[in-house]
Amino acid sequence: MSKTGNRIVVIILSAYLCLMSYYLFTHKYYNADIEAYMGLVYKANFPDMKIEEIHKKVYDELKLKNPETGKSDLSHKEEALGENTYYEKLSQNPKAYEEELYLFTVKPLYNCVNSLFFKLGFDASTSTFLITLISYVLIIVLVFIFLSGILKNYYLALILTILISLFKPLLDTSRHSTPDGFSTLLLLLSFYFAVVKRNLWAATVFGILCILTRPEYFIFYNLLLALVYIFKEHFSFKAKNIALTFILFALTFGIIQYFNKIPWSVLFMNQFTKVQLYPISHPDAFNFSEYLAYIKSKVLIEFNTSYFPLLLIFIVIILDYKMLMKKDRKTLLYLGLYLAVYITVFLRFFMFPTLVNRMMVGFYLIIILSLIARQNSKHQIMEKTA
């Protein structure tokens, strides 16, 4: 493609991203977690401010922008006792709100970035959303760079990039004040530097940042490191460097857990059985039979309402079983990647039994992009053998 054609594609993509950014900013969600992230912004910037004042500032701002803030949601049947009125109680009780904040301190990088935007002069609610919007733009740019390098065709890469940018879980993620979009960006960057640039240290840095944004990605990175070790010749990575990367990931996760005041058992009981007003002060005792009953009741529903069964169909179609039988190393590498994704999702489900699509978007994009790469490599092989 000529340089003029390349410039046209870049101009089109830039204009498209500007339009999408405006749409996402003017159609953002005021999701239920935003009041906690806003409270942490105030705590970081005004450490001496009393919780009553933080509580008032947060809910005054939110009710001005979204009058439904703090109202009971009686539109659906409760799955956990008290969930329909929980956020109304938080809006009325500063002490309960203060303890709610502890549930959200385990995403330190996201909270830090939000505080930086607040220091730049944005209001608290906007500060919690800007990194999500920026992440969406950078994710799309990264997807385009990856696809244009794989496909060697800017126009085809542009079409696929726009289609991926309209993927519903990605759009939903990009309208929420949550760390999901930011963690997805960091996950894709770590993949890009490991797979395309073959730079383990850059990939490690972005992996650490991803874990600091959403700690549960530690599971996935462990499985990926095992996969990288098995196929280290393919990546030209040394075993000692892979081991050092694991140590850095473990230290990152360990530091987060050291400062985490909420045990997993308390979080599970509060989230899925009885939504308590004081999750720290008066937690229910963990009940293993209730845990198993909840897992059994949700496992089929959650997986069937996610995109994982659909993507599994494409994995089976595109991964050639004949190449697997011949133990083709590249095919086995792709298979290992998909196994890592699905094992991670299952393990994550057993700890936090919900598969909200906006939380899964990083896994979805990895599967989609790797399937495109695999299909394109199979096409090239067929052309060479024709």
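1. Helix H15 covers residues 264–272, and five of its residues are buried: Val266, Phe268, Met269, Asn270 and Phe272. The elements that cover these buried residues include helix H16 (288–304) and helix H19 (329–351). Bear in mind while reading that this is a predicted model.

2. Ala80 lies in the loop between helix H3 (51–65) and helix H4 (83–92). Leaving aside neighbours within four places in sequence, Ala80 is in contact with Gln271, Phe272, Thr273, Lys274 and Val275. Is Ala80 buried or exposed? Ala80 counts as buried because its relative accessibility is 3%, and the cut-off for buried is under 20%. Ala80 and Gln92 are twelve residues apart along the chain, and their C-alpha atoms are separated by 20 Å.

3. The structure holds 38 aromatic pairs. One of them is formed by Tyr86 and Tyr87, whose ring centres are 5.4 Å apart. Their planes stand at 65 degrees, so this pair is edge-to-face; the cut-off for that label is over 60. With a relative accessible area of 5%, Tyr86 is buried. Tyr87 has a relative accessible area of 30% and is therefore partly exposed.

4. The rings of Phe235 and Phe237 give a second example. Their centres are 5.6 Å apart and their planes are at 15 degrees, so the pair is stacked. Both Phe235 and Phe237 are buried. What about Ser236, buried or exposed? Ser236 counts as exposed, because its relative accessibility is 61%. Ser236 sits in the loop between helix H13 (232–235) and helix H14 (239–259). Its phi is positive, about 60 degrees, although Ser236 is not a glycine.

5. Next, a pair of helices. Two packed helices are described by the angle between their axes and the distance between the axes. Helix H7 (residues 124–151) packs against helix H8 (residues 154–165) at an angle of about 145 degrees, and the axes are 8 Å apart. The crossing of H7 past H8 is right-handed.

6. Which residues of H7 meet H8? They are Tyr136, Ile140, Val143, Phe144, Leu147, Ser148 and Leu151.

7. Lys152 is in the loop between H7 and H8. Its phi is positive, about 60 degrees, although Lys152 is not a glycine. Lys152 has a relative accessible area of 67% and is therefore exposed.

8. Leaving aside neighbours within four places in sequence, Leu147 is in contact with Lys152, Ala157, Leu160, Thr161, Ile164, Leu369 and Ile372. In soluble globular proteins, nonpolar side chains tend to be buried together.

Terms used:
Residues are numbered from 1 along each chain as its sequence is written. This is a predicted model: local features need pLDDT of at least 70, side-chain atom pairs count only at pLDDT 80 or more; totals for chains, interfaces and linings use all residues. Side-chain values use heavy atoms; hydrogens and water are left out. Axes are lines fitted to C-alpha atoms, for helices over the stretch in contact, and angles run from 0 to 180 degrees between N-to-C directions. Helices (H or I, at least four residues) and strands (E, at least two) are DSSP runs, numbered from the N terminus. A crossing is left-handed if the near helix is turned anticlockwise from the far one by less than a right angle, and right-handed if clockwise. Contact means heavy atoms within 4.5 Å. Rings of Phe, Tyr and Trp (its six-membered ring) pair if their centres lie within 6.5 Å; planes under 30 degrees apart count as stacked, over 60 as edge-to-face and the rest as tilted. Buried means under 20% relative accessible area, exposed over 50%, partly exposed in between (1.4 Å probe, protein chains only).
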